[in-house]
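Student: I have a model open and would like to check some labels against their cut-offs. Could we go through it together?

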Amino acid sequence: MRLRFSINILDYRFFQVSNEITKGLIKMDKVSVIYGSTTGNTESAAEKIAAAFGVKPIAIASASQEDFKADLLILGVSTWGFGDLQDDWESNIAKLEGADLSGVKAAIFGEGDQSAFSDTYCNAMATLAEAVSKCGAKLIGRTSAEGYNFSASTAEDNGSFCGLALDENNQPELTDERISAWVSQLKSE
Ligand SMILES: Cc1cc2nc3c(=O)[nH]c(=O)nc-3n(C[C@H](O)[C@H](O)[C@H](O)COP(=O)(O)O)c2cc1C
């Protein structure tokens with residue numbers, strides 16, 4: 001009798017735990033990571049970020065409107081020219097601008113060069129942040145601009161970036177820890 005009672009309690013605990021896990025999965029059931037990259041730096045960051053969410057990253061050039069329909073939409077972009085969007089983003093921006101992102105959480109990451117392009121560091125992040133906000137998404141994942149050395153960036157406001165700024169040219173050794181901290185932040189926001 002006593003043994004049976006303990007087994008029932010164990011069954012109940014198991015049910016509670018699996019229920020919590022299921023609820024957690026449902027809460028964030030679709031994550032999309034969409035990126036544009038010219039020399040592979042943003043692509044490599046996208047792969048690491050996507051892997052942390054158990055998904056594969058999608059290049060903007062081959063992304064469909066469906067790929068933008070997610071609970072959490074993570075967009076990666078490098079900055080080219082002087083503060084411009086990376087080429088694939090530039091020619092496919094209509095895919096994003098046409099999306100209805102109400103109820104979607106969006107987060108932006110970017111690659112740039114804070115030394116050679118100190119006046120336009122990661123500006124393209126701001127362009128995407130503005131575009132997703134216009135589509136109705138809630139922007140999450142701001143990060144501190146401490147530890148960077150640049151003169152100006154439209155992605156920075158009051159000491160923080162609109163997302164995660166990376167710099168493979170000058171601070172490659174910080175990329176993995178920055179990504180890992182950002183992923184934890186996104187999972188809790
Ligand atoms: C011609 C040229 C223009 C660039 N313009 C900028 C810029 O305006 N701002 C910036 O932060 N980085 C700029 N960069 C640096 C790139 O964004 C950086 O190398 C980045 O890591 C490239 O990422 P990707 O390989 O994913 O395209 C420029 C690089 C080149 C070669």
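This is a predicted model: local features need pLDDT of at least 70, side-chain atom pairs count only at pLDDT 80 or more; totals for chains, interfaces and linings use all residues.

Student: Which residues of H2 and H5 meet?

Tutor: From H2 come Ala45, Lys48, Ile49 and Ala52, and they meet Thr175, Ile179 and Val183 of H5. By class, this contact of H2 with H5 has five nonpolar, one polar and one charged residues.

Student: Let's move to the strands. Why is E1 called largely enclosed?

Tutor: A residue is buried if 20 or more other C-beta atoms lie within 10 Å of its own. In E1 (residues 31-36), six of the six residues are buried, so the strand is largely enclosed by the rest of the structure.

Student: Which residues point to which side of E1?

Tutor: Val31, Val33 and Tyr35 point one way, while Ser32, Ile34 and Gly36 point the other way, and all are buried.

Student: How do you know that E1 pairs with E3, and in which sense?

Tutor: Pairing needs at least two bridges between the strands. E1 and E3 have six bridges, in the parallel sense, and therefore count as paired. In this pairing, Tyr35 stands opposite Gly76 in E3.

Student: What makes E1 and E2 a pair?

Tutor: E1 and E2 (residues 58-59) have two bridges, also in the parallel sense. The requirement is at least two, so E1 and E2 qualify. Here Ile34 stands opposite Ile58 in E2.

Student: What makes E3 count as mostly covered?

Tutor: Nine of the nine residues of E3 are buried. Leu72, Ile74, Gly76, Ser78 and Trp80 point one way from E3, and Leu73, Leu75, Val77 and Thr79 point the other way.

Student: How many bridges join E3 to E5, and how many pair E3 with E4?

Tutor: E3 and E5 run parallel and are joined by seven bridges, with Glu111 of E5 as the bridge partner of Ser78. E3 and E4 (residues 84-85) pair in the antiparallel sense over two bridges, and Thr79 stands opposite Leu85 in E4. The hairpin of E3 and E4 has three residues between the strands, and Gly81 takes a positive phi near 60° there.

Student: Which residues other than glycine have a positive phi?

Tutor: Cys122 and Asn158 are two to look at. Cys122 has a positive phi of about 55° although it is not a glycine, and phi of Asn158 is near 55°. Cys122 sits in the loop between E5 (105-111) and H4 (123-134), and Asn158 in the loop between E8 (156-157) and E9 (160-161).

Student: How do you know what surrounds the ligand?

Tutor: A residue is taken as near a molecule if its C-beta atom lies within 6 Å of it. There are 23 residues surrounding the ligand, and the closest are Ser37, Thr39, Thr42, Ser78 and Gly112. H2 (41-52) and E3 (72-80) each supply at least two residues of this shell, and E3 gives the most, with three residues. By class, the shell has five nonpolar, 15 polar and three charged residues.

Student: What does the protein chain look like overall?

Tutor: The secondary structure comes to five helices and ten strands. Buried residues make up 39% of the 189 residues in the chain. Among contacts with a separation of 6 or more, 76% are between residues 24 or more positions apart.

Note on methods
Residues are numbered from 1 along each chain as its sequence is written. Helices (H or I, at least four residues) and strands (E, at least two) are DSSP runs, numbered from the N terminus. Ala, Val, Leu, Ile, Met, Phe, Trp, Tyr, Cys and Pro count as nonpolar, Asp, Glu, Lys and Arg as charged, and the others, Gly among them, as polar. A residue is buried if 20 or more other C-beta atoms lie within 10 Å of its own, exposed if 12 or fewer, and partly exposed in between; C-beta atoms are placed from the backbone. Two residues are in contact if their C-beta atoms, placed from the backbone, lie within 7 Å.
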